[in-house]
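I opened my notebook beside the viewer and wrote down what I looked up, one topic at a time. Come along and follow each entry on the screen.

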Amino acid sequence: MTYPWHLYLMGLLYAFTGMLHFFKPKMYMRVMPRYLPNHKLLVILSGIAEVILGITICIPALKNTSIYLLIIMLLLFLMVHIYMLTEKKHL
């Protein structure tokens with residue numbers, strides 16, 4: 001059985017965007033809600049999480065765990081995306 005190609009694509013995209021957290025941190029810190037503490041640390045931690053999950057989704061033995069952790073991560077990021085869409089400075 002072959003490993004689904006779309007999981008490799010998904011892993012590549014998550015790893016790439018995770019790396020952007022380190023190369024363009026201001027882009028991510030700009031959209032962080034004011035009520036969250038230590039924006040720089042949160043940007044770095046979320047970048048690490050995205051890179052790790054992007055890599056582990058490409059490993060068949062870790063695929064299911066990675067998928068569940070990605071869902072949890074995306075639910076946590078939802079508040080940042082809602083904040084980004086509702087704040088006038090980000091539109």
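**Entry 1: the nonpolar patch**

The most comes from α3, with six residues.

Accessible areas come from the Shrake-Rupley method with a 1.4 Å probe, and for residues only the protein chains shown count as cover.

**Entry 2: what I am looking at**

I reminded myself that this is a predicted model, in which local features need pLDDT of at least 70, side-chain atom pairs count only at pLDDT 80 or more, and totals for chains, interfaces and linings use all residues. Residues are numbered from 1 along each chain as its sequence is written, and side-chain values use heavy atoms, leaving out hydrogens and water.

I found four helices and zero strands, in the order α-α-α-α along the sequence. Helices (H or I, at least four residues) and strands (E, at least two) are DSSP runs, numbered from the N terminus. The C-alpha trace spans about 50 × 25 × 20 Å along its principal axes.

I also looked up burial: 31% of the 91 residues count as buried. Buried means under 20% relative accessible area, exposed over 50%, and partly exposed in between (1.4 Å probe, protein chains only). The protein exposes about 6500 Å², and carbon and sulfur atoms supply 76% of that area.

I went back to Phe22, which sits in helix α1 and is partly exposed because its relative accessibility is 36%. Which residues does Phe22 contact, leaving aside neighbours within four places in sequence? I listed Ile44, Gly47 and Ile48, with contact meaning heavy atoms within 4.5 Å. Phe22 and Gly47 are 25 residues apart along the chain, yet their C-alpha atoms are separated by 7.1 Å.

Ile52 lies in helix α3 and, at 47% relative accessibility, is partly exposed too. Leu13 is in helix α1; its C-alpha is 7.2 Å from that of Gly54, 41 residues apart in sequence.

**Entry 3: the cores**

Next I looked inside. The largest nonpolar core has eight residues: Tyr3, Leu7, Tyr14, Leu53, Ile57, Leu70, Met73 and Phe77. Two or more of its residues come from each of α1 (5-23) and α4 (63-86), and α4 has the largest share, three residues. A second, separate core of six residues includes Met32, Leu36, Val43 and Val80. A nonpolar core is a set of buried Ala, Val, Leu, Ile, Met, Phe, Trp, Tyr and Cys residues joined through side-chain atoms within 4.5 Å.

I clicked on Ile57 and, not counting residues up to four places away, found contacts that include Tyr3, Leu7, Met10 and Leu70.

**Entry 4: a ring pair**

How many aromatic pairs are there? I counted one aromatic pair. Rings of Phe, Tyr and Trp (its six-membered ring) pair if their centres lie within 6.5 Å; planes under 30 degrees apart are stacked, over 60 edge-to-face, and the rest tilted. The rings of Tyr3 and Tyr8 have centres 5.2 Å apart and planes at 65°, so I noted them as edge-to-face. Tyr3 is buried at 18% relative accessible area, whereas Tyr8 is partly exposed at 41%.
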